[in-house]
Amino acid sequence: MRNEKNIIYFVTTNENKFEEILKLFQSENVNYNLIQLNVEVNEIQTNSIQEVASFKLNSIKGQVDGSYFIEDAGFFVDIPLNGFPGVYSSYVMKTIGNNGILRLIDDFEKTSAHFSSIIALYFKPLDKNLFFEGTIHGKISKTVRGERGFGFDPIFIPNSISNKTFAEISTEEKNNISHRGQALKKLISFLKN
Ligand code: IMP
């Protein structure tokens, strides 16, 4: 008997995110075909990426026939910026970018930062919204370093990889430890069970 794969939609316009998630789906042998879908998503401004993700997911309801998910991430410079840019990450990336963040930091010996990711899934068989999260801690690089990845990757040095930014490692290495990789592994384990 042929083993038909189910379809699951990832709603995003971000090709980098899609590529990261597709790679992990393929390496984990998930019994789902992942399809990128670009539909109108409404955004709200709140202080939590969980609320942003939940609002986005509900704004898509009725536009997709099947199970689908979105992913929302934030970059938080805990020391010395008290969590900035956080939920404003996208706007800050578009306006001052990585060099702008570096200019806000005086003492690079004492930085601390993290990325958080929320995957919000509408799972049709259960008619339910489900959430999966991941966080990674690290510090800020003194300079913009590396050609890979996207967004704030060139200024983030994860604690578990000594002195390399996310932009200096491969997608597979990033997926192994990243906020998105962790959230996705939880989603995959849900889909497998
Ligand atoms: P969003 O999840 O697309 O809203 O992401 C918010 C901002 O954080 C955007 O500017 C992204 O480029 C950036 N961002 C999201 N995920 C990552 C990541 O894995 N590495 C670096 N920057 C990221």
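How many residues surround the ligand, and which are the closest? In this predicted model, the ligand is surrounded by 14 residues, and the closest are Lys17, Ala73, Asp153, Lys174 and Arg180. By class, the residues of this shell divide into 5 nonpolar, 4 polar and 5 charged.

Ala73 places a backbone N or O atom 2.7 Å from an oxygen atom of the ligand. In Lys174, an N or O atom of the side chain is 2.9 Å from a ligand oxygen atom. For Arg180, a side-chain N or O atom lies 2.7 Å from a nitrogen atom of the ligand. The ligand exposes 480 Å² when taken alone, and the protein buries 88% of that area.

The site can next be placed within the fold. The ligand sits in the largest pocket. Two or more residues of the shell around the ligand come from each of β3 (67-79), α3 (89-95) and α6 (179-192); the largest share, 3 residues, is that of α3.

At least two lining residues are supplied by each of β1 (6-11), α2 (49-60), β3, α3 and α6. Here β3 gives the most, with 6 residues, whereas α3 provides the largest share of the shell around the ligand. The lining of the largest pocket divides into 17 nonpolar, 11 polar and 9 charged residues.

Note on methods
Residues numbered from 1 in each chain as written. Predicted model: local features only at pLDDT ≥ 70, side-chain atom pairs only at ≥ 80, totals over all residues. Heavy atoms only, no water. Near = heavy atom within 4 Å. Polar contact = N/O pair within 3.5 Å; in protein donor to acceptor, adjacent residues only side chain to side chain. Areas by Shrake-Rupley, 256 points an atom, 1.4 Å probe, with all protein chains shown as cover. 1 Å grid on protein atoms, 1.4 Å probe; cavity = no way out; pocket = protein on both sides within 12 Å on 5 of 7 lines; lining within 4 Å. Sits in = over half its atoms within 2 Å of the grid points. Helix = DSSP H or I, 4+ residues; strand = E, 2+ residues; numbered from the N terminus. Nonpolar A, V, L, I, M, F, W, Y, C, P; charged D, E, K, R; others polar.
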